[in-house]
Amino acid sequence: MHKMLFVISALLLTSNYGSGQLFDSDVYKVNPWIDGAVTLAAVGTNYYGMKLVDRKIPLDSAEISLLDANDINAFDRSATRQDASYIYQAWKLSDYGMRGSFLLPVLLMLDREIRQDWAPVLLLYLQSEAIVGNLFSWGAAIHVDRIRPLVYHPDVPYDDKTFKRNKNSFYSGHTATSATASFFVAKVYCDYHPELGNKKFFFYGLALIPPVFTGYFRYKGMKHFPTDVLTGLLVGAATGILVPHVHKHRKIENLTFMPVTGQYTGFALNWTF
């Protein structure tokens, strides 16, 4: 994942089109050098952050023997009571959900106007995924030790319980990554089509499907508690929406300047909103 983001970002910025009109967009203000540097730096810090996560000391038999699912809050407790024989299939399905979400921005290329702005849109998407990766690694995984639900289940093989990332239940990175992609697509499409009005909420509703699918199977695979999945969904959705939003061109409309003379000399400003 990190290598893929880094390679695509580097190729995009070092190509013959790394500057100039290719990054011009009527909707987004994207500086290929500044936003490219931010993206590449974020990929690097996320990669290093996950290296730190992997340095956590795995659970041992003594720690595992002391765990009691009844100590978990009632809302999350059901995650520890899933079918242990199904977890491997659930893991595969959640991986398919996350990886499939990576391809969702390709749907934007079906729109001619967005297709013309493929370079700034692609760079913003890479930046969104790099940022959400940092939010997971540096904002949660490094500092929060929440044991995954599967460790509490008596029928899960011991080797799976001592996996090095079993203290990283909070929050669901798979769900966050998936939500970033799907909500990014919804946000960009709606930004290019402001005439949608309130119909835009239909597209945001569709954006829920990929992360909900991914998060559900992270839950069924006893990788995450419901609160982990919900947090990942919120973090990913916010990232997918906010990154393109902060890059939007700001148009000041209904703003009038009028010179004033008389007792006082200056300008009067009238802003209608």
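Is Asp145 buried or exposed? Asp145 is exposed, with a relative accessible area of 52%. Here buried means under 20% relative accessible area, exposed over 50%, and partly exposed in between (1.4 Å probe, protein chains only). The model shown is predicted: local features need pLDDT of at least 70, side-chain atom pairs count only at pLDDT 80 or more, and totals for chains, interfaces and linings use all residues. Residues are numbered from 1 along each chain as its sequence is written, and side-chain values use heavy atoms, with hydrogens and water left out.

**Figure 1. Overview of the fold.**
The protein has 11 helices and 2 strands. Helices (H or I, at least four residues) and strands (E, at least two) are DSSP runs, numbered from the N terminus. Along the sequence the pattern reads α-α-α-α-α-α-α-α-α-α-α-β-β. Of the 273 residues, 46% are buried. Take contacts (heavy atoms within 4.5 Å). Among those between residues at least 6 apart in sequence, 79% join residues at least 24 apart. The protein exposes about 14,900 Å², and carbon and sulfur atoms supply 62% of it. Accessible areas come from the Shrake-Rupley method with a 1.4 Å probe; for residues, only the protein chains shown count as cover.

**Figure 2. Helix α11 and its cover.**
Helix α11 runs over residues 226–246. Its 21 residues should span 30 Å at 1.5 Å a residue, and the end C-alpha atoms are 30 Å apart, which agrees. The expected span is 1.5 Å times one less than the number of residues. The buried residues of α11 are Pro226, Asp228, Val229, Gly232, Leu233, Gly236, Ala237, Thr239, Gly240, Val243 and Pro244. They cover an arc of only 165° around the axis, so they sit on the same side of α11. The arc is taken from the directions from the helix axis to the C-beta atoms. What covers these buried residues includes α6 (118–141), α8 (173–192) and α10 (209–220). The face turned away from the buried side carries the exposed residues Leu234 and Val246.

**Figure 3. Ser172 and its contacts.**
Ser172 lies in the loop between α7 (158–161) and α8. Its relative accessible area is 0%, and Ser172 is buried. Leaving out residues up to four places away in sequence, Ser172 touches Arg218, His224, Asp228, Val229 and Gly232.

**Figure 4. Two backbone features.**
Most residues other than glycine have a negative phi, and most peptide bonds are trans. The peptide bond from Phe170 to Tyr171 is cis, with omega near -10°. Tyr171 lies in the loop between α7 and α8. Met222 is not glycine, yet its phi is positive, near 55°. Met222 is placed in the loop between α10 and α11. It is buried, with a relative accessible area of 0%.

Side chains of opposite charge can pair when their charged atoms come close. A salt bridge here is a side-chain nitrogen of Lys or Arg within 4 Å of a carboxyl oxygen of Asp or Glu. The whole structure holds 7 of them. In one, the side chains of Arg165 and Asp54 meet at 2.6 Å, N to O. Arg165 lies in the loop between α7 and α8 and Asp54 in the loop between α2 (32–53) and α3 (61–65), so the pair ties together parts 111 residues apart in sequence. Both residues are partly exposed: Arg165 at 27% relative accessible area, Asp54 at 22%. Another salt bridge joins Lys56 and Asp145 (2.6 Å, N to O). Lys56 lies in the loop between α2 and α3 and Asp145 in the loop between α6 and α7, so this pair ties together parts 89 residues apart in sequence. Lys56 counts as buried, at 13% relative accessibility.

Asp228 forms a salt bridge with Arg146, the closest N and O atoms being 2.8 Å apart. The pair links distant parts of the chain, 82 residues apart: Asp228 in helix α11 and Arg146 in the loop between α6 and α7. Asp228 counts as buried, at 0% relative accessibility. Salt bridges that share partners also join Asp54, Lys164 and Arg165 into one network.
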